[in-house]
Amino acid sequence: MDAQTARIKKWVILYPVYINSKKTIAEGRRISASKACENPTCIEIADCCQYLKIPHAIEIDKAYPRDFMQRGRVRVMLKREDGTFVNPAISSRKQLMLHVAELVPRHPNRTKKQEPASTSSNAGPSKSGKSGKKKR
């Protein structure tokens, strides 16, 4: 293991499940549902860390143990080697989760995805194929 990997191993881990409002506390959510965001991805979390100017590393091949179907996690450096915080506004893992959960809904890819969904809802209610009398 080289020096860079050994340094990254000490960073804080942030799984998308921690800030997912669709999950319960038993399923792994770490912040209140009202402050959490809906279905974040590790790419969106990494972009938020980049916006906050915090060093991070994406680990796509890793999965959360309780929900192994959702792949990816982000390692984040909160403190430097000398003990000072990288971003003075974020001094704990909980504050990081709250800041990231606030930024994810404003992510550029997320706002683009929601626009087509709202315009395509013009279709009327669809009927099922069967209609008529029931057989006795």
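Predicted model: local features only at pLDDT ≥ 70, side-chain atom pairs only at ≥ 80, totals over all residues.

Colleague: How many nonpolar, polar and charged residues does the lining of the largest pocket have?

Modeller: Five of the lining residues are nonpolar and five are charged, with no polar residues.

Colleague: How should I read the overall fold? Which pattern does the protein chain follow along the sequence?

Modeller: List the helices and strands in sequence order, then ask which strands pair. Here the protein chain reads α-β-α-β-β-α-α, which comes to four helices and three strands. Of its 136 residues, 35% count as buried.

Colleague: In which sense do strand 2 and strand 3 pair?

Modeller: Strand 2 and strand 3 (residues 67-76) are antiparallel, with six bridges between them. The two are joined by a hairpin through two residues. For individual positions, I58 has V74 in strand 3 as its bridge partner, and A57 stands opposite R75 in strand 3.

Colleague: Where does strand 1 come in?

Modeller: Strand 1 pairs with strand 3, also in the antiparallel sense, over three bridges. There L14 has V74 in strand 3 as its bridge partner.

Colleague: Now the aromatic residues. How many aromatic pairs does the structure hold?

Modeller: The structure holds three aromatic pairs. One of them, formed by Y18 and Y64, is edge-to-face, with 5.8 Å centre to centre and 90° between the planes. This pair links distant parts of the chain, 46 residues apart: Y18 is in the loop between strand 1 (12-14) and helix 2 (42-51), and Y64 is in strand 2 (residues 56-64). Ring pairs also bring Y15 into a cluster with Y18 and Y64.

Colleague: Why does Y18 count as buried?

Modeller: Buried means under 20% relative accessible area. Y18 counts as buried because its relative accessibility is 5%. Y64 is buried too, since its relative accessible area is 6%.

Colleague: What sits over the ring of Y18?

Modeller: The charged end of R30 does, 4.1 Å from the ring centre.

Colleague: How do I read a helix, and which residues of helix 2 are buried?

Modeller: An α-helix has 3.6 residues a turn, so residues three or four places apart point the same way. With that spacing in mind, go through the buried residues of helix 2: C42, E44, I45, A46, C48 and C49. The list includes E44 as well as C42, C48 and C49.

Colleague: What should I look at after helix 2?

Modeller: Look at the backbone angles of the residue that comes next. Helix 2 is followed by K53, which has a positive phi, near 60°.

Note on methods:
Residues numbered from 1 in each chain as written. Heavy atoms only, no water. Nonpolar A, V, L, I, M, F, W, Y, C, P; charged D, E, K, R; others polar. Phe/Tyr/Trp six-rings, centres within 6.5 Å; stacked < 30°, edge-to-face > 60°. Buried < 20%, exposed > 50% of the residue type's maximum accessible area, 1.4 Å probe, protein only. Lys NZ or Arg CZ within 6 Å of the ring centre and 35° of its normal. Pairing = 2+ DSSP bridges.
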